[in-house]
Amino acid sequence: MHTDCPRPMPWRIEDIDLTRIDLRQAAGNEDLLLLLCASSFIESGTDLYTKNLTSYFDDDPEVSAWLNTEWEPEELQHGRALRAYINYVWPEFDWDTAFRNFFDEYSKTCSVDEFEKTRALEMVARCVVETGTATLYRAINECSDEPVLKEITDHIRTDEVRHYKHFFKYFKKYNLIEGNGRFAVLGALMRRVAEIKSEDSEIALRHVFAMRYPERIHDTAYNRERTARISALVRRNLSADMCVKMLLKPLGIPARIQPGVHYPLAKITQHVFFR
Ligand SMILES: [Fe+2]
Ligand SMILES: [Fe+2]
């Protein structure tokens, strides 16, 4: 429970006229819609994680006010916006049931224990998450020519970059107190990257497939192949450069060393972040 007043949103899905969606163009890219739907599940499931995160920073009025009045409502709107888009393009798709099935499984993978040991390091982990989503929505934006999807994903990407900047600012605030060295920061960074790889998107896509192609529900080879195709679509359009720059920032690596780590990290990013 929190009493902070919600701030006006930077944009509202209600202000976007969905009837402008070019249905032929939108429905023509089924893989992209599957990915959008999976993203709508993960964003809508944020609710669970925000409760844990806000209680972790409960006694810091600055951080908890921002989490409660800006970050959480914006993340939840991402889920609502993508869901509204999917509903418009796939009116027959039972989003609620598919989301419920996803959430049953997903909620078991989130717990307070998974937080980093210190607040500064948890902020690093949050920077990694926002880097991942900012990169993902930029890639989705590049994949599509459908004007309404472009508009929505542009808004979401801008939100995610702003979230990153806040988490980075709070990382610096806490690291002044904690004084974590570069290796501790790198550890938190790698732990969070490894976590992204293992779970969220795979669980979400599996539940999207189950609702969209019930006849294929036991066809694991088909599902695996489709997941790989969707990952390849993201990888082809992703800006590894932006992703790496954002990941490197909390490490405070001097500019003269950066080019040396940039290329190998970009390669790793492509294969680990978006398998
Ligand atoms: Fe988001
Ligand atoms: Fe975000």
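Guide: This is a predicted model. Helix H2 (residues 30–44) packs against helix H10 (residues 220–237) at an angle of about 90°, and their axes lie 10 Å apart.

Visitor: How are H2 and H10 oriented to each other, then: roughly parallel or roughly perpendicular?
Guide: Angles of 65 to 115 degrees count as roughly perpendicular, and H2 and H10 are therefore roughly perpendicular to each other.

Visitor: Which residues meet there?
Guide: From H2, Asp31, Leu32, Leu34 and Leu35 meet Arg229, Ile230, Leu233 and Val234 of H10. By class, the residues of this contact are 6 nonpolar, no polar and 2 charged.

Visitor: Staying with H2, what span should its 15 residues have?
Guide: At 1.5 Å a residue, H2 should span 21 Å, and its end C-alpha atoms are 21 Å apart, which agrees.

Visitor: How many of the residues of H2 are buried?
Guide: In H2, 12 of the 15 residues are buried, so the helix is largely enclosed by the rest of the structure. Among them are Leu33, Cys37, Phe41, Ile42 and Glu43.

Visitor: And what covers the buried residues of H2?
Guide: The cover includes helix H3 (46–56), helix H4 (61–89), helix H5 (95–106), helix H6 (119–143), helix H9 (200–212) and H10.

Visitor: Let us pick one residue. Why does Ser40 count as buried?
Guide: Ser40, which is in helix H2, has 26 C-beta neighbours inside 10 Å and therefore counts as buried; the cut-off is 20 or more.

Visitor: What does Ser40 touch, leaving out residues up to four places away in sequence?
Guide: Ser40 touches Gly79, Leu82, Arg83 and Ile86.

Visitor: Now the whole protein. How many helices and strands does it have?
Guide: The protein has 12 helices and 0 strands. Of its 275 residues, 36% are buried. Among contacts between residues at least 6 apart in sequence, 83% join residues at least 24 apart.

Visitor: Last topic: where is confidence lowest, and where is it highest?
Guide: Confidence is lowest in helix H12 (residues 258–272), with a mean pLDDT of 65, and highest in helix H7 (residues 147–178), at 97. For the protein, the mean pLDDT is 87, and 88% of residues reach 70 or more. Where pLDDT is low, predicted coordinates should not be read in detail.

How values were computed: Residues are numbered from 1 along each chain as its sequence is written. Chains are lettered from A and ligands numbered from 1 in the order in which they are written. This is a predicted model: local features need pLDDT of at least 70, side-chain atom pairs count only at pLDDT 80 or more; totals for chains, interfaces and linings use all residues. Axes are lines fitted to C-alpha atoms, for helices over the stretch in contact, and angles run from 0 to 180 degrees between N-to-C directions. Helices (H or I, at least four residues) and strands (E, at least two) are DSSP runs, numbered from the N terminus. Angles under 35 degrees count as roughly parallel, over 145 as roughly antiparallel, 65 to 115 as roughly perpendicular and the rest as oblique. Two residues are in contact if their C-beta atoms, placed from the backbone, lie within 7 Å. Ala, Val, Leu, Ile, Met, Phe, Trp, Tyr, Cys and Pro count as nonpolar, Asp, Glu, Lys and Arg as charged, and the others, Gly among them, as polar. pLDDT is the predictor's confidence in each residue, from 0 to 100. The expected span of a helix is 1.5 Å times one less than its number of residues.
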